[in-house]
Amino acid sequence: MVKEMLTGNLAAAWGARLAEVDYIPAFPITPQTEIIEALSKWIDNEVMDAKFTNMDSEHSMITAAGTAAATGARVFSATSSQGLLYGFEMLYNIAGWRVPLVLINVSRAVAAPITLEPDHNDILSARDTGIIQIHVETCQEILDTILLAYRLSEDERVLLPVLINMDGFYLSFTREPVLIPDKKKIREFLPEYHPKHAFFKASKPMAQGVAVLGGSAYSYFKYQLHLASLNAIGVYNEVANDFKEIFGRSYPAIEEFMMEDAEYVLVMSNSFTVKGKAAIKSFREKGIKVGLLRLRLIRPFPKSELRLLMNGKNAVAVIDQNISPGSGGILFNDVSSALYHEKHRPDVLLSFIGGLGGKDISLTEFNYIIGEMQKSVETGIVPETQLLYTENDMRQIDKFQKIAGKM
Amino acid sequence: MIQNQNNMMKGIRFHGRGGQGMKTASRIVGTASFMEGYFAQDFPIYGAERRGAPIMAFTRLSNNPILERGIIANPDINIIADETLLKDNAANILQGTWGGTITLVNTHYAASHVKETYQVSGKIATVDITDIALKIISEPVLSSVAAASACKLTGVISKESLEEAVVKELTDINLKKEVISKNTQAALASFDNTPSISFSDLKLSGEESKNRIIRLRYEGPYVGSASVYGHGNTITKKTGNWRLFKPVIDHETCSRCRACFVSCPHSCISLDESGYPQIDYENCKGCFICMDECPKQVISKEREVRAW
């Protein structure tokens, strides 16, 4: 066991290396490129035994990943933002093929306007594909989650690809101390993959992804995919327990932070959660009973777990680092629909959009959210989705607009 | 991990230009902090990457788990490795500095002069780290020397950890042993040349109280879409300040062959009425292709000490 300063990207590459993957189809895109650079270097230096292929696009890359997984190989790849969207139709396909593999998405907001910094519209656009989604907060968590994801993905009760999301820049290029676990422990946790389901072999012809005209067949197989995804909640909890026993690190589907006796709850995801945690600590020092939940398992959405954690609370505020224009925050809808029929559901449920394109969420914003929650509890009036945007942000925009010749 | 100090947390911000080594500098300080037993975090931020563009890099060290990510808005230590950035409003390198910030500027000017000219808040020191790098490494790469200054200013990183971190980080980017040993030598010289400055007892006053949440209202597409109507303003950006050395043509011996005129990749060389090449120093980036191409070798390389 070694502890080293690693970027999120390098931690992801280590995860793939330690999982002893067989095949990596690759295509570069900022801010993901360092992952595949590291892997190709290791394969070239022969410290890693895998096949690496540069593809002509993400569409081909995801196709190659799915087809290779259908031969029984353990497959890894990584992409980001525009790249994920370029390969989009294949995401639905590989989920429908019911092949296990792990794909990293390094979050980057989607054009236009084009940027390099993160929000989660890229990854959340893939929420209906049938691919399992786990969103992480730290560099350690990236490495650990890759190991965990292969166990989950390869489980016969699931057999679905897993997308792991980490934020560009805030994790991808940020170094922090990461424990690189021992090989022996990893083998104990993650055995070699021996597929009983899809594997193409010369002597055993089979077909995948066949045409099924007439709705009954389509409906049947699609709903099987849904049931497999629902199975993944239980399997996830099992696998996370095993992981904790072997490695000592705990990754529940929903992470709790200072939730004991909390009356107010913030809901966040990914790396910006750390800003929320810092804010919660400062509120606690002032005697405000507030806690935080971090959504880690996004698909399947762990509804029962969420209900247990939220029932009886006074107010909940969901901070979505994404926007569904014309509707609001994507995760807010998941959270609110999970709570609707609960007798002891929180009194008020507020929706905020923040951190789009990597915009900071500062203490000003967190103060505002707490104030809005208190106000809503007192008055019973709950505002529509609000954007977390400050006077200082506006001042900067005015400056840019002037340069752009508009004012 | 170090437990005996209460809540020590330092945020270091590095400003430089692409190619000067600020990312590596932030990593050296991160690794040195990690080796000293602190929780550490380091990362660079840049836009569309190119040599010469202003870049920032950051290191955080703390004796507790770090509950922060992203840019350091109010640095405890602000390292300005390229003094020409002081004049670049768009680079905003003094943004968020406050009474508790220690600023280090790479310049031959006295600290008091810089403080007055640019109204720098907090404490300030100046060290000509480019000079140290040129003397010892023979190249104006500032990663090790800038990192060394930052390490010294933290007051908690030893020379031994600095040295070890320089070796580790430069080995990771495949530098040759002799280059690494020159870098460690330069780093130690920079460490010694950087003054010890104690942090003030000032606490950052709640900046957030001055800021507030506002509600956006609809604007027509002229304002509300990311379109640009202004005419190009890149000509107002003088790229000459990316240069550390300037090419000088000896017109006495120049044969007017035009090789430099033709080969300048940025069209910064023009011909005067008599056919002699003249360099546009406001925009010449100092790539020295002209010097390499000159068949009579009448172009020389001169170190510039900035006068602002």
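Predicted model: local features only at pLDDT ≥ 70, side-chain atom pairs only at ≥ 80, totals over all residues.
**Helix 1 and helix 7 of chain A**

- The crossing of helix 1 of chain A with helix 7 of chain A is right-handed.
- From helix 1 of chain A, the residues A:G8, A:A11, A:A12, A:W14, A:G15, A:A16 and A:L18 take part in the contact. Their counterparts in helix 7 of chain A are A:C139, A:I142, A:L143, A:I146 and A:L147.
- By class, this contact between the two helices comprises 10 nonpolar and 2 polar residues, with no charged residue.

**Nonpolar cores**

- The largest nonpolar core holds 175 residues, and the members that touch the most others are A:I146, A:I164, A:V267, A:A317 and B:A146.
- Beyond its neighbours within four places in sequence, A:A317 is in contact with A:L266, A:V267, A:L350, A:F352, A:I369 and A:M373.
- Another core, of 8 residues, lies apart from the largest one and includes B:C264, B:I269, B:C290 and B:C294.

**Contact of chain A with chain B**

- Chain A contributes 36 residues to the contact, and chain B contributes 28 residues.
- On the side of chain A that touches chain B, the elements giving two or more residues are strand 8 (175-180), helix 10 (273-285), helix 13 (363-379) and helix 14 (391-403) of chain A.
- This side of chain A is made up of 18 nonpolar, 9 polar and 9 charged residues.

**Chain B as a whole**

- Chain B has 308 residues, of which 38% count as buried.
- Its secondary structure consists of 9 helices and 10 strands.
- The C-alpha trace of chain B extends about 70 × 60 × 35 Å along its principal axes.
- Among contacts in chain B with a separation of 6 or more, 68% join residues 24 or more positions apart.

**Helix 1 and helix 4 of chain B**

- Helix 1 (residues 22-35) and helix 4 (residues 143-154) of chain B pack with their axes 8 Å apart, at an angle of about 45°. Helix 1 of chain B and helix 4 of chain B are therefore oblique to each other.
- Helix 1 of chain B crosses helix 4 of chain B in a right-handed manner.
- B:M22, B:T24, B:A25, B:I28, B:V29 and B:A32 of helix 1 of chain B meet B:S143, B:S144, B:A146, B:A147, B:A150 and B:C151 of helix 4 of chain B.
- The residues of this contact divide into 9 nonpolar and 3 polar, and none is charged.
- B:A146, on the helix 4 side of this contact, is also among the core members that touch the most others.

**The surroundings of B:H251**

- B:H251 lies in the loop that links strand 7 (245-249) to helix 8 (259-263) of chain B.
- B:H251 counts as partly exposed because it has 13 C-beta neighbours inside 10 Å.
- The C-alpha atom of B:H251 is 8.2 Å from that of B:P277, although the two residues are 26 residues apart along the chain.

Conventions: Residues numbered from 1 in each chain as written. Chains lettered and ligands numbered in written order. Core = buried A, V, L, I, M, F, W, Y, C linked by C-beta atoms within 7 Å. Buried ≥ 20, exposed ≤ 12 C-beta atoms within 10 Å, placed from the backbone. Contact = placed C-beta atoms within 7 Å. Helix = DSSP H or I, 4+ residues; strand = E, 2+ residues; numbered from the N terminus. Nonpolar A, V, L, I, M, F, W, Y, C, P; charged D, E, K, R; others polar. Left-handed = near helix turned anticlockwise from the far one by under 90°. Axes fitted to C-alpha atoms, helices over the stretch in contact; angles between N-to-C directions. Parallel < 35°, antiparallel > 145°, perpendicular 65-115°, else oblique.
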